[in-house]
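This report covers selected local features of one protein model.

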Amino acid sequence: MMFPENFLWGGAIAANQAEGAWDVDGRGPAKTDVTTGGSVKEPRYITYIDKDGNPGKTPNGSPIPEGARYAVLEDCYYPNHDGIDFFHRYKEDIALFAGMGFKVFRMSVSWSRLYPKGDEEAPNPKGVAFYRDVFLECQKYGIEPLVTIWHFDTPLYLEEHYGGWNNRKLIDFYERFARTCFTEYKGLVKYWLTFNEINNTIMMLDLFGNHGGHEEYRAGYQQLHYQFVASARAVQAGHEIDPANQIGCMICGITFYPGTCDPKDILANRHTWEKSIFYCGDVQCKGKYPSFAKRLWAEHGVDLDMTQQDLEELRNGCVDMYTFSYYMSSIVSTHEAKETVSGNFTAGAKNPYLQYSDWGWAFDPEGLQYYLEMIYDRYEKPIMVVENGLGAYDTIEEDGGIHDAYRISYHREHIKKMAEAMKNGVDLIGYTTWGCIDLVSAGTGEMRKRYGFIYVDKDDEGKGTFDRKVKDSYHWYKKVIQSRGTEL
Ligand code: BGP
């Protein structure tokens, strides 16, 4: 199938995983800056100094002890501090993207680069200037930026002094930050996403269990509510500042299947879709909580701090498009699994019909088609796949090349299924592959989990020249874009 002429082909990165320059030009720290490197077996840790002055660490996702302060410790390695140094090399990187014919480039703005603490009245001028330069560079090549406003990087100061998203005040700080983006970059950026993988908060608790029982769910649902209101306010501000703005939600898309045809599994699967996927999409696309929200809240005794004004904001702040990441499918069952998946970010029963990556992520292109068709039918808004890719070990071969046929085949199969979904009526408007250039993994902090069409010479201890080198997949993707998806 030939994709439409205006189809947005491109790639995606995020500030905290790529920029580096974590303390340059007045940037403040984010939680990702006190997060160590890990691996598929070893978690990433958050480091701190406890109330008696002793250093300590706790697995990412669990709280630090009472009275402790987040801290960068001397004997730990923090891969996000230098990322892939996109901050200093963005011109070279954008030129490489242009070389593949990118129409769109998804990136995020670091909140603490614009507002180092998060609660200031005015932004850091050097941070504002940096992103303007990046967007101007994109403009030079006719590449549309697609900007994620929040990609896992709330300023650390807001975490420490306000309790992060547990605090309603964050809505105002976020709105100010978003307004700054819309105002400063008016005319340079028209595609925006409010929160990356907003549904992760609850979904991760379900997938991996939690430490605080109902309490943690209650906190999670409350944080989500504040983020929904913040997102809705940003959408309204974005439209008011420039009616040309197209603003989307961003959901971590996993396709769930019932493990057996036992009606109990069918129902459990349906409920998983509701809790993990539809809950957030419904609020952001339809402007109100879905009917099943009451059941979910009752499950954990959730009693939201939610005002009439909030509900009105939600109604007035519906997104223009639905975007999502897609890497894998997963199984829901009330029966004990014969074989379980091992890896990071995956859990539960192994699907005997699928193959798994070295990190335990299921390769399932049909699952992408299923997701696209299901979601488009539900919301009937333009839809975009803003993350999809294969994290894999790459080797530089004797001839000096990186022959990543596995990556090409991963993308090829997913693009084929996107075409099928489009034939079936889905208004899919774009595809940005994840980690179009190698970057620090969010889940494990590794460099060796590589997604890129472009290799970056940096290892898991931070050593290397940081030089860029194109892989076979670079030339392949260029051909795909040039031929509008007919040469796969
Ligand atoms: C998504 C995040 C990205 C990205 C991707 C791959 O959850 O939005 O930031 O990192 O997953 O995950 P990982 O880096 O753990 O391989």
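## Residues with positive phi

Glu-380 sits in the loop between helix H12 (365-379) and strand E12 (383-387). The model is a predicted one. Although Glu-380 is not a glycine, its phi is positive, at about 50°. The residue is exposed, and its relative accessible area is 60%.

Arg-484, also not a glycine, has a positive phi of about 50°. Its place is in the segment after helix H14 (472-482). With a relative accessible area of 25%, Arg-484 counts as partly exposed. A glycine with positive phi, Gly-301, follows helix H10, and its phi is near 60°.

## A buried loop residue

Is Met-447 buried or exposed? Its relative accessible area is 1%, and the cut-off for buried is under 20%, so Met-447 is buried. Met-447 belongs to the loop between strand E13 (428-434) and strand E14 (454-456).

Leaving out residues up to four places away in sequence, Met-447 touches Ile-84, Asp-438, Leu-439, Val-440, Val-456, Lys-458, Asp-459 and Asp-460.

## Helix H10

Helix H10 spans residues 293-300, and its buried residues are Ala-293, Leu-296, Trp-297 and His-300. Viewed down the axis of H10, these buried residues fall within an arc of 95°, so they line one face of the helix. In an α-helix there are 3.6 residues a turn, so residues three or four places apart point the same way.

Lys-294 and Ala-298 are exposed, on the face of H10 turned away from the buried side. What do the buried residues of H10 pack against? Their contacts are with H8 and H9.

## Helix H11

In helix H11 (residues 308-316), Asp-310, Glu-313 and Leu-314 are buried. Down the axis of H11, the buried residues lie within an arc of 100°, so they too line one face of their helix. Gln-308 and Arg-315, on the other side of H11, are exposed.

Helix H8 (213-241) and helix H9 (263-286) are what the buried residues of H11 pack against. H8 and H9 also receive the buried residues of H10.

## The ligand site

For Glu-197 the distance is 2.5 Å. An N or O atom in the side chain of Lys-449 is 2.7 Å from a ligand oxygen, and a polar side-chain atom of His-151 is 2.8 Å from one. On its own the ligand has 370 Å² of accessible area, and the protein covers 98% of that.

Notes. Residues are numbered from 1 along each chain as its sequence is written. This is a predicted model: local features need pLDDT of at least 70, side-chain atom pairs count only at pLDDT 80 or more; totals for chains, interfaces and linings use all residues. Side-chain values use heavy atoms; hydrogens and water are left out. Buried means under 20% relative accessible area, exposed over 50%, partly exposed in between (1.4 Å probe, protein chains only). Helices (H or I, at least four residues) and strands (E, at least two) are DSSP runs, numbered from the N terminus. The arc is that of the directions from the helix axis to the C-beta atoms. Contact means heavy atoms within 4.5 Å. A polar contact is a pair of N or O atoms within 3.5 Å; within protein, one must be able to donate a hydrogen and the other to accept it, and residues adjacent in sequence count only if both atoms are side-chain atoms. Accessible areas come from the Shrake-Rupley method with a 1.4 Å probe; for residues, only the protein chains shown count as cover.
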